[in-house]
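My plan is to go from the whole chain to single sites.

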Amino acid sequence: MSDNLPDLFAHNRHWAAQVERDRPGFFTSLVKQQTPKYMWIGCSDSRVPANQITGLEPGEVFVHRNVANIVVHSDLNALSAIQFAVERLKVQHIMVVGHYGCSGVQAALEGARIGIADNWLRHIQDVRDRHRVLLESVPAESRANALCELNVAEQVVNVAVSTVMVDAWSRGQDVTIHGWAFGVHDGLLQDLGITANNTKPLETTYKACVQRIRYKWTGNGNGHANGNGNDHGAQQNAEVTKEA
Ligand SMILES: [Zn+2]
């Protein structure tokens, strides 16, 4: 691992030369266009680099990253990136990718005070609070992993109900949103099975995903280790998705 900046430039020159040797004209063709099929919305965590994980080349994936892969309805940065990807680049797939061992998710779960990021992570605390009953039924050591997956499900919904996606689907544009989770511990991606492409009701897809997360982490399809009735979270979110 390099700890000085000149090394980074040296590595860069080596990489550029290697690519040009292997595929002459690679960079000149990149200059002419980018036509990625994929948009990746992931965490800023240095252990989760979109291209390396998926084996995609420069030019093949349009990336937006922030702390804990959150898509907030009023975040002009994320919305602009999604709009650019969908309307200009015509990506076919948007993947929201959380990762296990996410410090942002862990901090939100614990209510840790970091600083200004607390306000950003508040969005994950909202997810935590929405799924309080489910999370309480998950063993403490797995709770952050469950919240990581629930956060992905919520952010897929947030992308799906954005004006950009509502408009794209109303035009008949073929774009599918996926929810994935990455294992820093094993390097593997998992599809959480929450896929939105306007062909089936988002509410149904969302509820099924939450149910799978519940079953996965509690082994209880009804999700209530304490057996106390309704899933407040699913109900609340169903209202959110209906508004869309
Ligand atoms: Zn993270």
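This is a predicted model: local features need pLDDT of at least 70, side-chain atom pairs count only at pLDDT 80 or more; totals for chains, interfaces and linings use all residues.

Residues are numbered from 1 along each chain as its sequence is written, and side-chain values use heavy atoms, with hydrogens and water left out.

**Entry 1: whole chain**

I looked up the secondary structure of the protein chain and got eleven helices and five strands. Helices (H or I, at least four residues) and strands (E, at least two) are DSSP runs, numbered from the N terminus. The protein chain has 244 residues, and 44% of them count as buried. Its accessible surface comes to about 12800 Å², with 52% belonging to carbon and sulfur atoms. These areas come from the Shrake-Rupley method with a 1.4 Å probe; for residues, only the protein chains shown count as cover.

I then turned to contacts, meaning heavy atoms within 4.5 Å. Among those between residues at least 6 apart in sequence, 62% join residues at least 24 apart.

**Entry 2: zinc**

Which residues are the protein donors of the zinc ion? I found Cys 43 (SG), His 99 (NE2) and Cys 102 (SG), lying 2.0 to 2.3 Å from the zinc ion. Donors are N, O and S atoms within 2.8 Å of the metal (3.2 Å for Na, K and Ca); water is not among the atoms, so sites may look incomplete. The donor spacing in sequence reads C-x55-H-x2-C. His 99 and Cys 102 are buried.

I placed Gly 42 in strand 1, residues 38–43. Gly 42 is buried, because its relative accessible area is 1%. Leaving aside neighbours within four places in sequence, Gly 42 contacts His 64, Arg 65, Asn 66, Asn 69 and Val 97.

I followed Asn 69 next. Asn 69 sits in the loop between strand 2 (61–66) and helix 4 (76–88). Its relative accessibility is 2%, so Asn 69 counts as buried. Asn 69 is not a glycine, yet has a positive phi of about 40°. Most residues other than glycine have a negative phi. I noted Asn 198 as well, with a positive phi of about 70°. Asn 198 lies in the loop between strand 5 (189–196) and helix 10.

**Entry 3: cores**

I searched for nonpolar cores: sets of buried Ala, Val, Leu, Ile, Met, Phe, Trp, Tyr and Cys residues joined through side-chain atoms within 4.5 Å. The largest has 56 residues, and Met 39, Ile 82, Val 86, Ile 94, Val 159 and Ile 177 have the most contacts inside it. Helix 8 (residues 143–160) gives the largest share of this core, eleven residues. Apart from this core lies another, of nine residues, among them Ala 50, Met 95, Trp 180 and Phe 182.

I checked Val 86 on its own. Beyond four places in sequence, Val 86 touches residues including Val 91, Ile 94, Val 164 and Met 165.

Axes are lines fitted to C-alpha atoms, for helices over the stretch in contact, and angles run from 0 to 180 degrees between N-to-C directions. Under 35 degrees counts as roughly parallel, over 145 as roughly antiparallel, 65 to 115 as roughly perpendicular and the rest as oblique.

I took helix 5 (residues 103–110) first. Helix 5 packs on helix 8 at about 110°, with the axes 9 Å apart. The two are therefore roughly perpendicular. Val 105, Gln 106 and Leu 109 of helix 5 meet Arg 143, Ala 144, Leu 147 and Cys 148 of helix 8.

Helix 10 (residues 202–218) packs on helix 8 at about 175°, with axes 10 Å apart. So helix 8 is roughly antiparallel to helix 10. Among the residues in contact are Ala 146 and Leu 150 of helix 8, and Tyr 206 and Ile 213 of helix 10.

The axes of helix 6 and helix 8 come within 10 Å and cross at roughly 105°. That makes helix 6 roughly perpendicular to helix 8.

**Entry 4: Asn 119**

Is Asn 119 buried or exposed? I located Asn 119 in helix 6, residues 117–130. Asn 119 is exposed, because its relative accessible area is 57%.

Technical notes:
Buried means under 20% relative accessible area, exposed over 50%, partly exposed in between (1.4 Å probe, protein chains only).
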